[in-house]
Amino acid sequence: MRYPAFLQRIADRADVQPVRILTFSINGQAVSAREDETILSVARENGISIPTLCHLDGLSERGACRLCIVEIKGSPKLSPSCVTLPRQDMEVITNSDRVLDYRRKILELLFTERNHICSVCVSNGHCDLQSLTTELGMTHVHYDYLHTRHAVDASHERFSVDHNRCVLCQRCIRVCEEIEGAHTWDVMGRGYLSKVITDLNQPWGESTSCTGCGKCVQVCPTGALSEKGKSVAEMTKKRQFLPYLKLMRGDESR
Amino acid sequence: MTQTIQIKPITRIEGHGKITLVLDDSGAVSDAKFHVTQFRGFEKFCEGRPFYEMPSLVERICGICPVSHSIASAKACDSILGVSVPAPARKLRRLLNCGTFIQSHALSFFHLSAPDLALGFDADPSERNIFGLFKTYPSLAMDGINLRKIGQQIVESCAGKRIHPAWVVPGGVNKPLLEENRDFLLSLLPEGHAIIHRTLDWFKGSLENYREEIRTFANFPTLFTGLVNSEGNLEHVEGKLRFIDSKGATIHDGLDPQRYDEYLAENTEEWSYLKSPYFKALGYPEGIYKSGPAARLNVCDGCGTPQADQEWAEFKGLERGPVLSSFYNHYARLIEVLYSLELMEHLLKDPELLSPHVRSIARNNEFEGVGVVEAPRGLLIHHYKVDEEGLITWANMIVATGNNNLAMNRGVLQVARRFIKSGKVTEDAMNRIEALIRAFDPCLSCSTHAIGGPNLRVDLVSPDGTLLHSVLS
């Protein structure tokens with residue numbers, strides 16, 4: 001949150017709003033961080049890679065995909081690093097066999113839910129989900145496919161949503177609310193029956209809140225949201241606008 | 001006691017099929033059926049998809065002729081867009097199609113059929129394959145490999161990859177041709193010409209050896225159909241449909257392919273997943289017609305390119321009317337490869353081919369579209385209906401192999417009657433039945449995966465279902 005300039009100067013003074021700096025370790029490497037930084041962000045600052053899907057620089061964190069899980073010494077459960085803050089002397093492991101195994105399983109489960117057939121997808125070759133399979137070394141899906149059948153909504157003049165390719169990362173929901181300010185997108189239903197909706201589950205083309213800006217399409221990690229008329233493998237997403245928009249609005253806190 | 005013989009699976013064809021032969025009490029063949037045993041379901045699961053995904057979606061029907069499917073599909077989508085495709089894009093699609101014809105015909109002739117043609121239909125089955133061909137006729141086998149490579153390189157240079165490229169799109173193609181790729185393709189032509197002339201000389205010189213096969217490989221009167229251009233010459237991508245009868249008389253000419261359903265209908269049989277299209281006016285099954293390489297050369301007035309025209313004239317000279325025996329499909333394939341090489345050269349020398357104007361952009365303006373091309377195996381029809389949003393509500397595809405279903409079935413019977421005597425199923429008789437099917441080069445599931453284990457199994461089954469005898473080759 002930004003204050004008027006005279007107040008901001010005070011807010012920016014570390015002696016008035018002190019932010020604690022703490023030290024902890026990731027994979028045995030000593031790192032320091034502000035207490036309000038996430039483990040994911042500290043890891044990436046230090047060149048330690050953690051895979052993510054729902055995370056997108058410039059949007060708030062949601063912790064939806066769980067691919068960024070890490071091990072924290074002393075804790076029996078795995079924690080999503082995008083929404084976990086470090087504590088002093090914490091020991092974080094990002095690449096143990098257990099972590100890598102669970103990440104692959106999570107990714108496989110994402111593939112079991114809906115119909116992610118890359119070869120006939122508009123985003124083939126430009127897809128975050130597809131890239132993760134090579135990054136995480138996923139070769140097969142060891143679970144039964146659910147392949148819930150969803151209709152394509154192509155009622156919008158320029159865009160279409162194919163729920164069969166949606167991974168429920170909620171990037172569209174966040175960019176629409178946080179950057180565009182329209183909050184057209186939301187999620188309805190529970191569990192694997194959840195789906196993203198426009199307005200009150202109306203066809204996208206009939207949405208009164210949608211401004212047609214297309215930011216949701218550009219941030220979507222898969223081919224779920226795409227520009228109409230794009231053939232297979234033609235849909236490349238342009239996300240360069242996000243940091244600029246954040247900068248112009250003077251809001252870099254998120 | 002009647003007996004049933006099954007040939008399952010049929011080898012050296014694209015996909016999976018089986019043949020059932022029924023023998024009567026005297027051991028003579030009384031009935032024969034050619035079954036396609038795989039169900040694909042494309043027409044159904046394409047429903048609900050956006051039409052602009054269709055060219056790539058239907059490409060997955062086939063690993064050998066995906067390009068044919070993508071062009072037929074894109075033409076149907078062009079109609080749904082309601083736009084005219086820019087001339088450079090039409091030429092590029094045509095060039096791409098030359099590549100697919102060369103590689104597909106090379107595969108059929110050299111990899112699948114040459115073992116029969118060169119080594120003999122009754123050669124040792126363990127040698128009667130591409131490896132055996134390499135041992136005995138290494139230069140012929142190498143020619144096959146190299147010719148197919150040329151075809152694949154044409155596809156790759158145009159479309160970016162050899163199998164399942166996503167280059168042909170509704171309204172045109174999605175990238176112009178690069179000048180260096182054009183030059184590379186021009187450099188392939190001399191080798192292509194050398195191979196095809198060598199092979200034509202060899203094949204024509206050995207036609208004498210196949211007299212019995214020529215006489216019995218689906219050698220009976222049927223209608224023939226194919227696309228021809230405005231001059232009546234051979235045409236693969238555009239043009240109008242022509243039907244001729246078994247005497248060579250034109251029954252219909254200049255038929256608009258968009259209205260295919262006015263003169264073609266499909267029949268289903270419970271013993272095969274492959275539908276049997278027939279010529280409506282004559283009814284089922286009298287409306288039997290042949291499509292594919294020999295049929296195309298039968299219906300056209302020439303190829304329109306100088307060297308292929310010479311070969312065409314020789315081909316037409318084989319018989320007084322249309323060339324009836326489907327064995328001659330092998331011959332026709334070689335002529336079409338020559339035609340494709342010549343057409344390719346003509347296209348590559350056209351400066352317009354490098355134009356960046358290769359795609360017309362529009363939304364769906366029409367609710368229905370039909371796209372028709374000649375695939376290597378025959379006429380290929382894609383027909384879609386879409387709703388207001390451009391989502392497919394109905395799809396019908398008549399694939400090239402389907403056109404010849406009736407003819408293949410009757411052909412199997414003809415060959416079986418000639419080569420199976422007194423209920424004795426010899427290995428070479430089985431191979432001739434398979435070779436008849438190979439002459440049509442059917443693309444059953446449209447995949448080329450090799451079949452492991454025994455190449456062929458023939459079961460003799462009594463009417464009550466007990467297995468009497470089994471032969472493995």
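Modeller: Before we look at any pair of helices, take the axis of a helix as a line fitted to its C-alpha atoms over the stretch in contact, with the angle between two such axes running from 0 to 180 degrees between their N-to-C directions. Please keep in mind that this is a predicted model.

Biologist: How is a pair of packed helices described, and at what angle do helix α13 and helix α14 of chain B pack?

Modeller: Two packed helices are described by the angle between their axes and by the distance between those axes. Helix α13 (residues 405–419) of chain B packs against helix α14 (residues 427–440) of chain B at an angle of about 155°, and their axes are 9 Å apart. Angles over 145 degrees count as roughly antiparallel, and therefore α13(B) and α14(B) are roughly antiparallel to each other. Their crossing is right-handed.

Biologist: Which residues of α13(B) and α14(B) meet?

Modeller: From α13(B) come M408(B), G411(B), V412(B), V415(B), A416(B) and F419(B), and they meet A429(B), R432(B), I433(B), L436(B), I437(B) and F440(B) of α14(B). Sorted by class, this contact has ten nonpolar residues, one polar and one charged.

Biologist: If I turn to helix α10 and helix α11 of chain B, at what angle do they pack, and how far apart are their axes?

Modeller: Helix α10 (residues 306–316) of chain B and helix α11 (residues 329–348) of chain B pack at an angle of about 160°, with 8 Å between their axes. That angle makes α10(B) roughly antiparallel to α11(B), and the crossing of α10(B) with α11(B) is left-handed. On the α10(B) side the residues are Q307(B), A308(B), E311(B), W312(B) and F315(B), which meet Y331(B), A332(B), I335(B), L338(B), Y339(B) and E342(B) in α11(B). Eight residues of this contact are nonpolar, one is polar and two are charged.

Biologist: What does the secondary structure of chain A come to, and why does chain A count as being as compact as a globular protein of its length?

Modeller: Chain A has seven helices and ten strands. Its radius of gyration is 20 Å, close to the 18 Å that the globule rule gives for 254 residues, so chain A is as compact as a globular protein of that length. Of those 254 residues, 35% count as buried.

Biologist: Finally, how many residues of chain B are in contact with chain A?

Modeller: In chain B, 18 residues are in contact with 13 residues of chain A. Helix α2 (residues 54–59) of chain B gives the largest share of that side of chain B, three residues.

How values were computed
Residues numbered from 1 in each chain as written. Chains lettered and ligands numbered in written order. Predicted model: local features only at pLDDT ≥ 70, side-chain atom pairs only at ≥ 80, totals over all residues. Contact = placed C-beta atoms within 7 Å. Helix = DSSP H or I, 4+ residues; strand = E, 2+ residues; numbered from the N terminus. Rg over C-alpha atoms; globule rule 2.2 N^0.38 Å. Buried ≥ 20, exposed ≤ 12 C-beta atoms within 10 Å, placed from the backbone. Parallel < 35°, antiparallel > 145°, perpendicular 65-115°, else oblique. Left-handed = near helix turned anticlockwise from the far one by under 90°. Nonpolar A, V, L, I, M, F, W, Y, C, P; charged D, E, K, R; others polar.
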